[in-house]
Amino acid sequence: MKLFAQKEAVAFVKTGLKEFRYDREIRLTPGAKDILTEAGIKVVFATGATPPSPTAASAPASTVGAGTSADLKLFNSAESALLKQQICDIGRRIWMREYCDGNGGNISVRVGPDRFIVTPTGVSKGFMTPDMLCMVDGKGNQLAGTWKRSSEFTTHAAIYETVPEAVSVCHAHPCHVGAFAVKGMQPPPRLIPELEVFVGTVAVAEYKTPGTPEIAASIRPLAPQHQSIIMGNHGLICWGKSIEDAYFKMEITDAYCRTVILAQAIPGTSAIPCEGMGDLLALKKKMGLPDDRYGLKPAELCEVDPWQEMCGSHGCSSPVTPWNPMTVDAKKDASNADLEALVQKLTDEIVAKVKV
Ligand SMILES: [Zn+2]
């Protein structure tokens, strides 16, 4: 049990938040309660049986960050307020597009040197409000906010640490990317310009337990070259130059994976030609976007046949015999013919015996 005394109450008042939630794990002293109440803060004891609003349903134990007054000022600034609202808006879009399940997914944004605003743990990303967000340093120490930060922030931190231009990181579990994640497979390249230009090569990181230093270590070496990384048997993590930019990488990657999966049902193959790939990368370079394929010759850009990569030598065009009424009828005819032959054979045998 943690003690929440007058000192902590004074720090809480400075956050500007209007509600203080606590549970059995927090012992709130009478003096601290007075300070909160006198400051006009609503004090709520969460028993755990409280229901049904999406925000209250999973309310965590209240935590007050260990930040300095400068941290609290930054956390409560107008700039941060705008970013918090943007995170909630993107969370809503992630949920609406079914990119997150349950409380899955998390979003963060860089707000200063070694300072990040991040989504809380245990909350649906579709129903967040700005007061639920937290501020942390690059090690994940919570500096401000009453809700506990996402346990997956340490994976975001691995990206911020290795990519100085990364302003925001967005992680979720979109299903079409998930299909590749459970196969540990990279989506084949050279199929749609949108991915080639705005995302680039999608990397695949090996499966590691979520929230551990191991998963952060698996993402760290990939992030400088890849803005969109599939986390093996888990989901997708993307970084961008703004919150919306990071989200766009996710949307483009999932749309690409979805198209590739759908296309497998259609016979035939096609891909962006080598020269076309050269043109796309030249365009991308002009836009100042990173890509690990700059400097490759056109022939090197199309060494991989995407469909062969995806489906092996049959190229996906005939992995399964397509349903065909003619084929079914032909089989039926064949089995009828077999039956007729058998009946005829038995009839002949019986007739022969009768004759004897
Ligand atoms: Zn996850």
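Student: What should I know before reading it?

Tutor: The model is predicted, so local features need pLDDT of at least 70, side-chain atom pairs count only at pLDDT 80 or more, and totals for chains, interfaces and linings use all residues. Residues are numbered from 1 along each chain as its sequence is written, and side-chain values use heavy atoms, with hydrogens and water left out.

Student: What is the mean pLDDT here?

Tutor: pLDDT is the predictor's confidence in each residue, from 0 to 100. The mean for this protein is 85, and 85% of its residues reach 70 or more. Residues 48–62 fall below 50; beyond near neighbours in sequence, that stretch has 21 contacts in the model. Contact means heavy atoms within 4.5 Å. Residues 318–332 are also below 50, with two contacts beyond near neighbours in sequence.

Student: How many helices and strands are there?

Tutor: Helices (H or I, at least four residues) and strands (E, at least two) are DSSP runs, numbered from the N terminus. This protein has 14 helices and twelve strands.

Student: Which residues touch the most other members of the largest nonpolar core?

Tutor: In soluble globular proteins, nonpolar side chains tend to be buried together. Buried means under 20% relative accessible area, exposed over 50%, partly exposed in between (1.4 Å probe, protein chains only). A nonpolar core is a set of buried Ala, Val, Leu, Ile, Met, Phe, Trp, Tyr and Cys residues joined through side-chain atoms within 4.5 Å. Here the largest core has 44 residues, and Ile87, Ile94 and Ile117 touch the most other members. Helix α10 (residues 243–263) gives the largest share, eight residues. Another core, of 20 residues, lies apart from it; among them are Phe153, Val163, Ala166 and Ala205.

Student: What does isoleucine 94 contact?

Tutor: Leave aside neighbours within four places in sequence. Isoleucine 94 then contacts Tyr99, Cys100, Ile107, Cys170, Ala172 and Tyr247.

Student: Is aspartate 137 buried or exposed?

Tutor: Aspartate 137 counts as buried because its relative accessibility is 11%. Its place is the loop between β7 (134–136) and β8 (142–144). Beyond neighbours within four places in sequence, aspartate 137 contacts Asp114, Arg115, Phe116, Leu143 and Phe153. Its C-alpha atom is 8.8 Å from that of alanine 157, 20 residues apart along the chain.

Student: Where does leucine 283 lie?

Tutor: Leucine 283 is in helix α11 (residues 274–286). It counts as partly exposed because its relative accessibility is 45%.

Student: How much of the protein is buried?

Tutor: Of its 356 residues, 43% are buried.
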